[in-house]
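Morning, everyone. Please bring up the structure, and I'll walk you through it.

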Amino acid sequence: MPRAAGCPFDPPPALRALRAQAPVTRVRLWDGSYPWLVTRYADQRALLADPRLSSDSRLPGFPHENAGMRARRRVGRTFVNMDDPEHARLRRMVTAPFMIKRVEALRPAIQRLVDDLIDQMLAGPHPVDLVQAFALPVPSLVIGHLLGVPYTDHGFFQRTSKVLINRNTSADVAGHAQETLTDYLDRLIADKLAHPADDLLSRLAVERVSTGELSQRELAVMGSLLLIAGHETTANMIALGTLALLQHPDQLAELRASTDRVLISSTVEELLRYLTIVHSGRRRVALADIEIDQQVIRAGEGVILATESGDRDEQAFTDPDTLDLLRDARAHVAFGFGVHQCLGQPLARVELQVVYGTLFRRIPTLRLATDLTDIPFKNDAGVYGVYELPVTWSTPPSETP
Ligand code: HEM
């Protein structure tokens with residue numbers, strides 16, 4: 001479904017019409033299948049918490065986004081596409097470093113990293129592309145550090161991730177890209193087994209692979225999930241969120257003038273809700289008949305939960321199409337809901353809080369260096385964002401950190 005011209009932050013208008021007239025309805029997919037599309041917030045929360053919906057991508061009826069995603073899931077199925085208890089067993093192995101307390105301890109290091117990247121931007125020429133200079137390096141450096149993946153290889157995994165989440169990637173190319181990334185991590189894990197360091201992959205290699213609980217390949221597949229999920233989404237939120245704030249100068253002025261942790265954290269939640277960047281729908285398949293909104297989803301049928309629509313549902317949020325940094329948006333479904341709710345959300349929150357709380361304070365005159373109409377939006381990717389964001393500022397730009 002296309003977004004409306006001139007409204008790059010709003011979900012496709014067809015979703016609003018469905019919410020009003022046919023909130024649980026059949027849609028036709030690329031492969032000729034007819035899964036259900038669910039557009040209302042309350043239905044989405046009810047279904048995402050319902051164990052009768054499965055995330056198992058091997059089941060017939062699972063509504064794959066395209067041939068590329070189907071191939072990728074065949075080559076490297078991760079716990080996102082498993083059900084409990086298998087899902088819970090694997091997820092538990094990697095939960096600890098993403099817990100709020102552990103992530104909060106990283107805040108000072110993330111702050112230093114953000115300040116360093118801003119220093120480098122200010123010292124270089126401008127206009128500059130904020131995606132390359134800032135939005136990609138922040139999450140890439142953070143997740144690389146956590147996992148123990150050398151930043152010198154970031155070009156490789158950014159290119160791979162771009163291929164993997166592009167809607168037009170063919171099955172062959174996606175399967176090959178997933179293999180290449182898994183091979184890379186496999187070699188890295190072998191090295192960590194021989195020379196363990198203080199990072200998550202080393203710890204899992206020693207504690208789970210050496211003990212035979214996970215094979216080296218299984219850990220490599222899990223590592224590829226964390227690497228891609230950990231940088232692609234957050235990078236898009238940084239760039240698209242910055243653009244959305246620049247387009248709302250009055251609210252941005254208040255944010256810029258404030259160091260209030262509460263305002264910064266509500267800004268992050270509201271931008272997550274307003275943008276709901278993982279706009280490919282949560283994908284599931286029914287294990288039993290489920291009655292919802294006067295429809296019956298039969299066992300074996302696919303279900304797509306369009307959370308970008310749920311987060312704009314007027315029955316869940318007042319005036320949902322307005323960006324309002326002061327609203328309490330914490331109940332959004334931008335991180336999903338239920339057992340598969342985003343594992344990395346505490347980390348994403350800290351990164352985004354540090355970014356939005358620092359960037360506009362350090363560069364108060366930050367502005368777009370091109371027209372909004374010239375910005376290339378990621379309409380062809382499963383995670384929404386911008387490919388480039390040329391920005392500039394007036395000199396002298398800022399106070400020191
Ligand atoms: C703003 C940034 C982020 C957004 C919007 C986001 C969004 C999501 C969403 C919507 C899901 C649910 C998938 C489903 O139900 O099918 C998810 C799951 C997941 N996310 Fe995130 N994510 C973000 C950042 C991160 C980070 C930093 C990590 C760190 C590694 C991460 C790791 C994961 C993992 C491992 C899962 C699978 C959880 C499971 O299946 O149990 N994400 N994310």
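Start at Phe-156. Buried or exposed, or in between? Its relative accessibility is 22%, so Phe-156 counts as partly exposed. The cut-off for buried is under 20%. Keep in mind that this is a predicted model.

Now its partner. Phe-156 forms an aromatic pair with Tyr-184. The centres are 5.1 Å apart, with 55° between the planes, and the pair is tilted. Phe-156 belongs to helix α9, residues 154–165, and Tyr-184 to helix α10, residues 171–194, so the pair ties together parts 28 residues apart in sequence. Tyr-184 has 10% relative accessibility, so Tyr-184 counts as buried.

How many aromatic pairs does the structure hold? Four. Here is another of them. Phe-9 and Tyr-274 have ring centres 6.3 Å apart and planes at 35°, so this pair is tilted. Look at where the two rings come from. Phe-9 sits in the segment before α1 (13–21), while Tyr-274 is in helix α14, so the pair ties together parts that are 265 residues apart in sequence. Phe-9 is buried at 8% relative accessibility. Tyr-274 is buried too, at 6%.

Next, charges over rings. The charged end of Arg-3 sits over the ring of Tyr-384, 3.6 Å from the ring centre. Arg-273 lies over the face of Phe-317, and there the distance to the ring centre is 5.2 Å.

Tyr-384 comes up again with a lysine. Which residues does Lys-378 touch, leaving aside neighbours within four places in sequence? The contacts are Glu-232, Asn-236, His-279, Val-383, Tyr-384, Gly-385, Val-386 and Tyr-387. Lys-378 is in the loop between β9 (367–368) and β10 (390–392). This lysine is buried, with a relative accessible area of 10%.

Cys-342 is found in the loop between α15 (307–310) and α16.

Nine of its eleven residues are buried, so α8 is largely enclosed by the rest of the structure. The buried ones include Pro-137, Val-138 and Pro-139. Further along α8, Ile-143, Gly-144, Leu-146 and Leu-147 are also buried. After α8 comes Gly-148, with a positive phi near 90°.

Stay at Gly-148 for a moment. Ala-197 is 49 residues from Gly-148 in sequence, but 7.8 Å away in space, C-alpha to C-alpha. Ala-197 is in the loop between α10 and α11 (200–209). Its relative accessibility is 46%, so Ala-197 counts as partly exposed.

One more loop. Leu-287 is between β5 (282–286) and β6 (290–292). At 47% relative accessibility, Leu-287 counts as partly exposed. Neighbours within four places aside, Leu-287 contacts Pro-51, Arg-52, Ser-54, Leu-59 and Ala-299.

Now zoom out. The chain has 16 helices and ten strands. Its radius of gyration is 21 Å, close to the 21 Å from the globule rule for 401 residues, so the chain is as compact as a globular protein of that length. Along the principal axes, the C-alpha atoms fill a box of roughly 65 × 60 × 35 Å. Of the 401 residues, 55% are buried.

Last number, on contacts. Take those between residues at least 6 apart in sequence: 72% of them join residues at least 24 apart. That's my tour.

Methods: Residues numbered from 1 in each chain as written. Predicted model: local features only at pLDDT ≥ 70, side-chain atom pairs only at ≥ 80, totals over all residues. Heavy atoms only, no water. Helix = DSSP H or I, 4+ residues; strand = E, 2+ residues; numbered from the N terminus. Phe/Tyr/Trp six-rings, centres within 6.5 Å; stacked < 30°, edge-to-face > 60°. Buried < 20%, exposed > 50% of the residue type's maximum accessible area, 1.4 Å probe, protein only. Lys NZ or Arg CZ within 6 Å of the ring centre and 35° of its normal. Rg over C-alpha atoms; globule rule 2.2 N^0.38 Å. Contact = heavy atoms within 4.5 Å.
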